[in-house]
Amino acid sequence: MASKAIQTVRAGVLDASLYDDLSTSALPRVSRGAILTALSRAFDLAEGRRPGHAQRVAYVGVALAEDLGLTGHRLEEVFFGCLLHDVGMAATAPVTRDGPTPLRPGARGLAAVPQGGWADVIEALTLHCEQGANVARRLGLGETVARAVASHHDCWDGSGIGANPGEKLTQVARIVAVADRVETMFDGEGSPLIVRRRGPRMVREMGGTEIDPELAERMATLASRDEFWLGFYDNDLAASLMGLNYGGVMGREELFDFLGVISDVVDGRNGRETGRGRRVAELARRVALTCDMPERRADLVKVAALLQDLGTLGVPAHVLSKPDILSIEEMGTVQMHPTYARDILSEVPGLGAPAWWVGCHHERVDGKGYPGMLEGDEVPVEAQVIGLCEAFDALTSDRPYRKAMTRDDAMEVLRGLSGTRFDGRVVDAFDTAEGPFTAP
Ligand SMILES: [Fe+2]
Ligand SMILES: [Fe+2]
Ligand SMILES: [Fe+2]
């Protein structure tokens, strides 16, 4: 019987009904813009930013672009450039000449000074610009968006440290750079009342030095209107941005491909081989079918599996790559990752159920898992399928300290976890899943 404290946690935080949006009968018809609006909160975590930074940058960028008369595809390019400008921070842990884990313990993001000093800061900045541009390309958002991401730390006249120093920035890139710097300045001020009063003057002062003087003037005028500030501080900003549905609604294969790129980003951040997450997700879909789930529900299991470790973007890089045993505090941070991902994904219309499964993928049927210590049937079968496929793939992959296990040896390990980590029926279903496994 669970203690009262645990029951309280379950009731307040892990109430499955909160995520029951009846979405399990079909893949959601969701746009690229809606998904990336939600996922941008994970990119904020990777950069150590206050939640909503990328969304507010997108709001500022779109407002400025509209003020300049941009419409249609150009407007969407500004939107995606703003949302993704720092996705490169998520794509990889910053790397120095001496190898990974350059940040001081306890520090996160570019605000932290790497152990190697400012040379490493510049290297990390350049790297995340290039990595981010590659992610934008792989997501199919086009070269203009990729170039804007690559040059978001450049100065408006082409000087600076982006991917193409000396090259004059495109209009989209200049808008993205202005939006990022302006949001950072506004957010750093703290009090909305002070920002509202001083904002326009502060923006004008940045013109000609940090940002394009023409855009600074337009931005300052924009920032003198109450309407702009009501949007900037709107609690429903995420929903408004999702409602734009930029980038078009994705079909089944497009959605899998799109989320596969995000899965690769997370794999990179965790130091895993590219494609591992996609492999686990496809296996999870197959096992879900063996558990008698209909095709569409199995597709949703694949969606959840692709995004299962999205929340690790919120775990500091030095913790993720620490070769030693984690401290209790560090372990607590790592164990937040299902919760981060669940909260982020549950914002996307139609992804309530996968968000719940992702939130439970480290639960155990014996009640010793995290974050909610759910027991027995409380642990969703879908979450168990994801956890089982992840464990199988880990066992059958080479590790620095051991060779990959054979399929039979891995199955023996998993059978040993029946009744503790997993429900024995799910392990049996896994064993009979059709199709070839990747293990030797
Ligand atoms: Fe950046
Ligand atoms: Fe930023
Ligand atoms: Fe995980």
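This is a predicted model: local features need pLDDT of at least 70, side-chain atom pairs count only at pLDDT 80 or more; totals for chains, interfaces and linings use all residues.

Reader: Understood. At what angle do α20 and α21 pack?
Author: Helix α20 (residues 381–395) and helix α21 (residues 407–415) pack at about 135°, and their axes are 9 Å apart. That angle makes α20 oblique to α21.

Reader: Is the crossing of α20 and α21 right-handed or left-handed?
Author: The crossing in which α20 passes α21 is right-handed.

Reader: Which residues of α20 and α21 meet there?
Author: From α20 the residues are Leu-388, Ala-391, Phe-392 and Leu-395. They meet Arg-407, Ala-410, Met-411, Val-413 and Leu-414 of α21. By class, the contact of α20 with α21 has eight nonpolar residues, one charged residue and no polar ones.

Reader: Let us step back. How many helices and strands does the protein have?
Author: There are 22 helices and zero strands. The protein has 440 residues, of which 53% count as buried.

Reader: And what share of the contacts comes from residues 24 or more positions apart?
Author: Taking contacts with a separation of 6 or more, residues 24 or more positions apart account for 69%.

Reader: Back to helix pairs. How do α6 and α7 cross?
Author: The axes of α6 (residues 118–138) and α7 (residues 143–150) come within 7 Å and cross at roughly 165°. Angles over 145 degrees count as roughly antiparallel, and α6 and α7 are therefore roughly antiparallel to each other. The crossing of α6 with α7 is right-handed.

Reader: Now to charge pairs. How many salt bridges are there?
Author: The count comes to 36 salt bridges. In general, side chains of opposite charge can pair when their charged atoms come close.

Reader: Which residue does Arg-56 pair with?
Author: Arg-56 pairs with Glu-183, at 2.6 Å from N to O. The pair links distant parts of the chain: Arg-56 belongs to helix α3 (residues 53–67) and Glu-183 to helix α8 (residues 171–189), 127 residues apart. Both Arg-56 and Glu-183 are buried.

Reader: What about Asp-299; what is its partner?
Author: Asp-299 forms a salt bridge with Arg-252, and the closest N and O atoms are 2.7 Å apart. This pair also joins distant parts of the chain, with Asp-299 in helix α15 (residues 295–306) and Arg-252 in helix α13 (residues 252–269), 47 residues apart. Asp-299 is buried, with a relative accessible area of 5%, whereas Arg-252 is partly exposed at 34%.

Reader: Which residues are joined into one network by salt bridges that share partners?
Author: Glu-273, Arg-276, Arg-279, Glu-390 and Asp-393 are joined in that way.

Reader: I also see Glu-47 beside Arg-49. What distance do you have for that salt bridge?
Author: The salt bridge between the side chains of Glu-47 and Arg-49 has an N to O distance of 3.4 Å. Glu-47 counts as buried at 7% relative accessibility, while Arg-49 is partly exposed at 26%.

Reader: A change of topic: the backbone. Is the peptide bond from Tyr-370 to Pro-371 cis or trans?
Author: The bond from Tyr-370 to Pro-371 is cis, with omega near 5°. Pro-371 is found in the loop between α19 (352–359) and α20. As background, most peptide bonds are trans, and most residues other than glycine have a negative phi.

Reader: Then what is the phi of Asn-245?
Author: Asn-245 has a positive phi of about 50°, although it is not a glycine. Asn-245 is found in the loop between α12 (237–243) and α13, and is partly exposed with a relative accessible area of 41%.

Reader: And where does Asp-292 lie?
Author: Asp-292 lies in the loop between α14 (276–290) and α15. Its phi is near 65°, a positive value in a residue other than glycine. At 70% relative accessibility, Asp-292 counts as exposed.

Conventions. Residues are numbered from 1 along each chain as its sequence is written. Chains are lettered from A and ligands numbered from 1 in the order in which they are written. Side-chain values use heavy atoms; hydrogens and water are left out. Axes are lines fitted to C-alpha atoms, for helices over the stretch in contact, and angles run from 0 to 180 degrees between N-to-C directions. Helices (H or I, at least four residues) and strands (E, at least two) are DSSP runs, numbered from the N terminus. Angles under 35 degrees count as roughly parallel, over 145 as roughly antiparallel, 65 to 115 as roughly perpendicular and the rest as oblique. A crossing is left-handed if the near helix is turned anticlockwise from the far one by less than a right angle, and right-handed if clockwise. A salt bridge is a side-chain nitrogen of Lys or Arg within 4 Å of a carboxyl oxygen of Asp or Glu. Buried means under 20% relative accessible area, exposed over 50%, partly exposed in between (1.4 Å probe, protein chains only). Contact means heavy atoms within 4.5 Å. Ala, Val, Leu, Ile, Met, Phe, Trp, Tyr, Cys and Pro count as nonpolar, Asp, Glu, Lys and Arg as charged, and the others, Gly among them, as polar.
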